[in-house]
Amino acid sequence: MTKSPRVYLIILAVWLAILAPAVPAMAHVVASATQTAWYLGALTLASALFVTYFWLNGTKDIVYTLYFHLVQRPHLIHVPRRPDGPEPKVALLYCTCDDFSADSLLRSMAQRYGNYETVILDDSSKPESLAEIDDFAARHGVQVVRRADRAGFKAGNLNNHLRTAEYDYFVILDSDEIIPSDYVTRSLDYFAHYGNAGIVQANHSATRNRNDFMRVFAIGVDSHWIAYQTVKDRHGFLSLLGHGAMVSRECYQAAGGFPAVVAEDLCFSIAARDAGYYTVFAPDIRCEEEFPVSYHAFKKRHSKWTQGNMEFIKRYTTTILGSRMTWFEKLDIVLFTYSLPLTALFSVYVVIHVVALPALGYTVTYPLWMLVPTIAFLLAPLLNDTVFHFRRMPKLRLLSYLLHSIVLYGSMFFVSLRSSVTSAFGKSVFLVTPKSSGRVSIREALTATRGEIAFGIVLAAVSYLLTGSVLPVVLIVVPALLCVFLARKHNKTSAGTVRTELPAAVVAPARSAAEERRQLATLARAADPGPPHERTPELAA
């Protein structure tokens, strides 16, 4: 595999072209403020630097989207089947921590491949979870591995087994993961095609949407995975994304195992890349995952990602700078991985313009035309979803999804800020995303989102008192107040909207152990719809 800097050369060229006419205006603002007082100069300089970074990040989102849909998508790389030969030993490693899903694991076990085994890596502590896993293992002849402690989070769980196990390749399965029945054979095709591949990351769709919260937001998974990972595969840094990935034994050993951090997948991928192994993306291997079941679950996952990325910034920034990666791979990591924790940086920008400068009686005025790229870059994260789903779904539903997304991700500002600060000055924590949720009353929703609501009210009050308007913070305040609505959205079940066009390995849940065994036997004998290399990659639900 080889990578090209083409996309990042385009990003930088577009960014510099837009930035060039704005630099004199920003320089004038900083110079005027500095002449008044040095601290005003420092505040306006910090503001200008933030605008510069914000425009770069927005340019990245727009170029990524347009490049995928206009250039790369029509020419997806075809990976042929590997020649017939010996079957390497493959281990399916199912990671669980009080969130075991017998149905998901059963379906993933239905591989049309001979030399593989399934191992449950169990970090559960609840007696009912332990009993359920033991019962499943006894009925299906699956090995269960437990450890005396839970040190090292998910990384420790994986390392505990991998350092003594016998295998040629292993597959990482999260508790809600379902891999198609040709997953192992097709992943091995990619390893055979790319001699320097150490990790094959499969594509994903979100399925089994049981309520309105999942139904509304799950479509974002379909559009995000295929677009961003496809471009990263050739023009950026592609990381193992925690699940639905196959790793070779040689790569695992060369990387030194999984580091005991929250973002173990990203850090392992960097170590593998430094050892000479690439992560490659397989768009035609489409696995299934579940979107977080509720707003509460989404917040926990977002907090985990933010804490993991902040821990990564603290511990791996020097490693990135000194790594063997190309300059554009390093820039790709910075623009994507640093974005969640850098919400704290945006809070500094808000403080400067809503609190500090108004309190000092100083006003910063940029040219009106600078609002055009700023608004465009603010909406840039929605561009890929819009283009991807524009012809696939009714326009009103798409508009509803986009408005809901603005509220959902806008309401994450408080969570990101709190998680960033907590992790920056403390220890990051690996949070397990809940897989179930009960009904939530209005009172319970208000209690659960009191932090966001209080933050929004205080921010609006401060902005109004110091600037005479809430407009400077309206895109933060409104989502913060509407999060109560999101906190109750999972109350309405959507049984009739669950997808029916599922991969071949997906069957109806069995009613007994005997039926489960019959299902596995049937799927194992199922005929291929055609050789994997002749199939057209599935890019949309």
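Figure 1. Helix H2 (residues 22-36) has 15 residues and spans 22 Å from the first C-alpha to the last, close to the 21 Å expected at 1.5 Å a residue. The expected span is 1.5 Å times one less than the number of residues in the helix. Helices (H or I, at least four residues) and strands (E, at least two) are DSSP runs, numbered from the N terminus. The model is predicted: local features need pLDDT of at least 70 and side-chain atom pairs count only at pLDDT 80 or more, while totals for chains, interfaces and linings use all residues. Residues are numbered from 1 along each chain as its sequence is written, and side-chain values use heavy atoms, with hydrogens and water left out.

Ala22, Ala25, Met26, Val29, Val30 and Ala33 of H2 are buried. Buried means under 20% relative accessible area, exposed means over 50%, and partly exposed lies in between (1.4 Å probe, protein chains only). Seen down the axis of H2, the buried residues fall within an arc of 130°, so they line one face of the helix. This arc is taken from the directions from the helix axis to the C-beta atoms. The face turned away from the buried side carries the exposed residues Pro24, His28 and Gln35. The buried residues of H2 pack against helix H1 (6-19) and helix H3 (38-72).

**Figure 2. Threonine 52 in helix H3.** Threonine 52 is found in helix H3. With a relative accessible area of 18%, threonine 52 is buried. Not counting residues up to four places away in sequence, threonine 52 touches Trp15, Leu19 and Met26; contact means heavy atoms within 4.5 Å. Met26 is also one of the buried residues of H2.

**Figure 3. Salt bridge between aspartate 122 and arginine 146.** The closest N and O atoms of aspartate 122 and arginine 146 are 2.7 Å apart in a salt bridge. A salt bridge is a side-chain nitrogen of Lys or Arg within 4 Å of a carboxyl oxygen of Asp or Glu. The pair links distant parts of the chain, 24 residues apart: aspartate 122 is in strand S2 (residues 116-122), and arginine 146 is in the loop between strand S3 (143-145) and helix H6 (153-162). Aspartate 122 is buried at 2% relative accessibility, whereas arginine 146 is partly exposed at 36%. Asp122, Asp134 and Arg146 are linked in a network of salt bridges. The structure holds 17 salt bridges.

**Figure 4. Salt bridge between aspartate 284 and arginine 186.** The side chains of aspartate 284 and arginine 186 meet in a salt bridge, at 2.7 Å from N to O. Aspartate 284 lies in strand S7 (residues 278-289) and arginine 186 in helix H7 (residues 183-193), so the pair ties together parts that are 98 residues apart in sequence. Arginine 186 is buried, with a relative accessible area of 3%.

Figure 5. Arginine 215 and aspartate 212 form a salt bridge, with their closest N and O atoms 3.5 Å apart. The two residues are three residues apart in helix H8 (residues 212-217), so about one helical turn separates them. Arginine 215 is partly exposed at 25% relative accessibility, whereas aspartate 212 is buried at 9%.

**Figure 6. Two loop residues with positive phi.** Most residues other than glycine have a negative phi. Aspartate 98 has a positive phi, near 60°. Aspartate 98 lies in the loop between strand S1 (90-96) and helix H4 (102-108) and is partly exposed at 22% relative accessibility. Arginine 208 is not a glycine, yet its phi is positive, about 60°. Arginine 208 is found in the loop between strand S5 (197-206) and H8. Arginine 208 is buried, with a relative accessible area of 11%.

**Figure 7. Serine 405 in helix H17.** Serine 405 lies in helix H17 and is buried, with a relative accessible area of 3%. Leaving aside neighbours within four places in sequence, serine 405 is in contact with Phe217, Leu382 and Gly410. Serine 405 and leucine 76 are 329 residues apart along the chain, and their C-alpha atoms are separated by 28 Å.
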